[in-house]
Amino acid sequence: MIDGMLAGLALVFTWPTIAYLLLGVFIGMWIGAVPGLGGVVGLVLLLPFTYGMDPVPAFALLMGLYAVTSSSDTIAAILLGIPGSVASQATILDGYPLAKKGQAARAFGAAYTVSAVGGVFGAVLMAASLPFILPVIFAFGLPEFLMLGLLGLTMVGVLSGGSIGKGLTVAAFGLLLTTIGYAEATGVPRFHLGTEYLLDGIPLVPIVLGLFGIPELLEMAVKDTSISRVRLSDARDGDMLRGVRDVVTHRWLTLRSSLIGTYVGILPGLGGSIVDWIAYGHAVQSARDKSKFGKGDIRGVIAPEAANNSSRAGALIPTVAFGIPGSPGAAILLSALVIMGLQPGPDMLSVNLDLTFSMIWEIVFANILVAALLMLLTRRISKIAFLPAHSIVPGVVVVLLMGAWVASSSMGDWWTCLAMGVLGYAMKQGGWPRPPLVLALVLGTLIEYNFQLTMQSYEGLSWLYQRPIVVCIEIAIVVTIFLAARGITRPKSLPVSDSGDAGPAMSLMSVGLAVMFLALFMWAYMDARTFEDPETARFPLIVLTAAIPLAMFVFVQDVRACRRGVSALGGLGRTLKFASKSWDLPASLNFVAYLLAIILLTYVVGQLVAVPVVVAAYTRRWGKFSWSASIAYATISFLVIWILYTRIMNLHLYPSLLFG
Amino acid sequence: MRNSIIIMLIIGSLSGGQGCTRESEDFAGNTISVYVGRPPGSGADLAVRAFVRHWQKHIPGRPTMVVKNVPGGGGSRVWNLAWDKSNSNDLEIFFSPVSATAVIVRQEGLRADLSKMPLIGSLMSPNMTFARTDRLKRAEDLPDVKGLQFGGQAPAHRFSILGRLTLDILGVEYRHVTGFRGASDVFNAMRRGEVEIQTAPLNFYRFTVEPGLVQSGEVIPLWYNPVVDENGEIVPLDAAGEIPSFVDYYEAKIGKPPSGELFEMLLWLLPKLNGITYAAFLPPDSKGQTLEILRDSFIRVTEDEEYRAEEVKMFGFNLPVVSPGHGTRIIEDMTNAPEHVKTFLNQYIQQGR
């Protein structure tokens, strides 16, 4: 084993391997920073260049990229409240509020430090775990995955802020969204409204970008404020070294989160997408003072960032050693292995042990290297948080929309993004928590998939009490629900997530959302009752049976609160006026109109024209830029789409009416 | 005024750039877009990208070829996109897995009529069935072991249909565990003992199953699904090596060649389900001359030693090529499948749920 480790280390430091590693790190750093791209896209772009290369330098290039995208995706998560990739979804919960407080540099300092620590820790732990990892992987069968999914869902309590009823309703909505499209067990399409786009289900990326990104951009544009609500001169507490010191202070949380990331990462099909949520949930549950979570608690950045980087090593070992890819990125690495003439399997732990260790070392060095590089850039990057709104909003809109487009290169991605943006804004104004929706989206398919297969594969329900790991997870679920239920009776001890202004406007919006969810659930219930196959209908009906009473409960509560607010303001008319002012309705609609203009114009002239034209109009009309500045901005938008998305990434753009 | 002119110039350059057509047989300086209906990084995406990398050098003028992903609609979106193309400039190729069951039963969402789109070429991906040995000690014990769990993907997926059909022809009593996302997910469940039989691509067996579990005696190969040629005759598959074809397995076990309604259905379905696994089409109104050039270049890629070596690395063997004529007939047969076949297939998929 030691010989293998040293031989692997020596391989990394041979020429040109080290150069390829640096190149991979550099490319990965930039790809990870663009929302919607991430490791998988980067690997697909680089893979053709590795054909014909020797395996060691080829894997240095791929591993360099793969290991670091989950570090640089933090930039968008913290600065813009937009998850750069699925791995950084949980980071936005506290990262973005920190940026709003003018502490982006502190959040970056902590995130990059724990990314490096997590990456190194994960790699070392994986190396040490090699002899007994296979039994761990195969101890987790379909029932265990189902239970892990349910355990993850109990974190809704943690992510619901002060309103667990709303959190659960939103989670039910998220679960329902995952049932759109072909049911995996039967191949029968559900809730697709006759559209081709919905047949494969709604992709996660446009939902998340819309739900979190658009409301923040809208607020910035409408209020004409920078990301940071604190002036640069007043942001004294937010330096990068403070973030590094935070990691030292919370060292045990860092290590526990890295441990979670590594071992969740090895579980095929589970790893990357939920590991940050599990670590975040752990950070909240294990904290004595939960009150600052969701408002800018540095522990909410440390836990997910440590976990998502350590999971990369976790996913690697089962891929190379057993041919079991733990994530889409790992599946591409597996293909690369095969293309290079290497056979995944026991040989990778004996004959080619040096190569396996070289990959682990590459993860270690890539993580350290990217953390150092990003820290060097942090001072400059953090200043973006203090730029005026209109100078960054159009640019971010372009990146956000194109990030959503990457999902399936369909106009449906943009409509989804816009719809979720409007919903996200309404939820923010109505005090509805948004994170449970994303958590449910991530876990919904996992839960239904393993539920259906468990019910088919295991006769009866004996698996519920005969499998030790299942029983352990059940106990954890019960304890978590107990703690959450205790929290309901003591709402002040729970974290309050980002929500809009309190008062009548909020309760008015909240009632509207409750009505919408209730109507949606009832329609879905009626529709699900018409499905011919019981297996097709089973999961949506289970979800809806719980969702409808929940939405009713929230509706009744909200109506009461709303009535109190209306009478306090002296009637519905005055309340609506107050609400319209509170929501900045005309300006908000104006912002949505710009997004709508991009989408509608794209049908006619395509993205390459529509986006720059609307960017020019926005900066000129709303931003009061000079003509030359507006055109320069529009030209840059055009070049970004043309060079990055069509020339480098070869994305299929919409075939417009005019230009085909 | 000056700014308006700049904007007009940009728009003008876009319209000129995107709408131009090619006028000669030489593709020099052109960019051909190759659309694949699967997400980046998927097996089909990587297979198409590997093919395309070699394809461009066999097309006159060595055009640039770029792969674009248009996943969605259960794989049918890419075909709908091709179907909707009008005034095609012959610079767009649609190269993706074809779901024969979707075409035969007219799956919801599939608007394209593949029989009206010119086929450039297609590759076949053979598949096979294997089983765990804890209950099935020897391959020949199969029909006598009751209650085995067959793990499959969606009920309309070709591996589910082929696997179930062969088991039904043999008269095996089994339970169908359906809805796995891919061959590797079924295999993981097989490793854990949650399913016991699986039908999967031959290359998956060679790379993932054979090195670990076959060598350790935990899994045994049963048969490969035979290849049916242009004349409807079963032909041996060299890539299968020592693994018997289903017909040979049946004969060895039962003592006579397989026959009956289910076997007839299998023979009808085999070339459709396996024959055009990866197929490249042009949009419906493409020019005949371009089609011939692309067909010729497609065949030459499959004869290119460099590509063949890479294919062996990727799949463990060279994927059999289906001639454009044979492929076109297969697609016409699928599109105009007899009513009794459609009825059977619909019912069989329904039973598999």
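What percentage of the 660 residues of chain A count as buried? The share is 61%, a residue being buried if 20 or more other C-beta atoms, placed from the backbone, lie within 10 Å of its own.

The model is predicted: local features need pLDDT of at least 70, side-chain atom pairs count only at pLDDT 80 or more, and totals for chains, interfaces and linings use all residues. Residues are numbered from 1 along each chain as its sequence is written, and chains are lettered from A and ligands numbered from 1 in the order in which they are written.

**View 1. Chain A holds 29 helices and 2 strands.** Helices (H or I, at least four residues) and strands (E, at least two) are DSSP runs, numbered from the N terminus. Along the principal axes, the C-alpha atoms of chain A fill a box of roughly 80 × 70 × 55 Å.

**View 2. Chain A meets chain B through 53 residues of chain A and 51 residues of chain B.** Contact requires C-beta atoms, placed from the backbone, within 7 Å. Elements giving two or more residues to the chain A side include α3 (39-50), α21 (435-457) and α29 (627-648) of chain A. α17(A) gives the most, with 6 residues.

**View 3. Chain B is assigned domain 1 (30-124 + 276-343) and domain 2 (127-272).** These bounds come from an automatic or database domain assignment. The C-alpha centres of domain 1 and domain 2 of chain B lie 27 Å apart. Their contact takes 13 residues from domain 1 of chain B and 12 residues from domain 2 of chain B. On the domain 1 side, α12(B) supplies the largest share, 4 residues.

Key: Buried ≥ 20, exposed ≤ 12 C-beta atoms within 10 Å, placed from the backbone. Contact = placed C-beta atoms within 7 Å.
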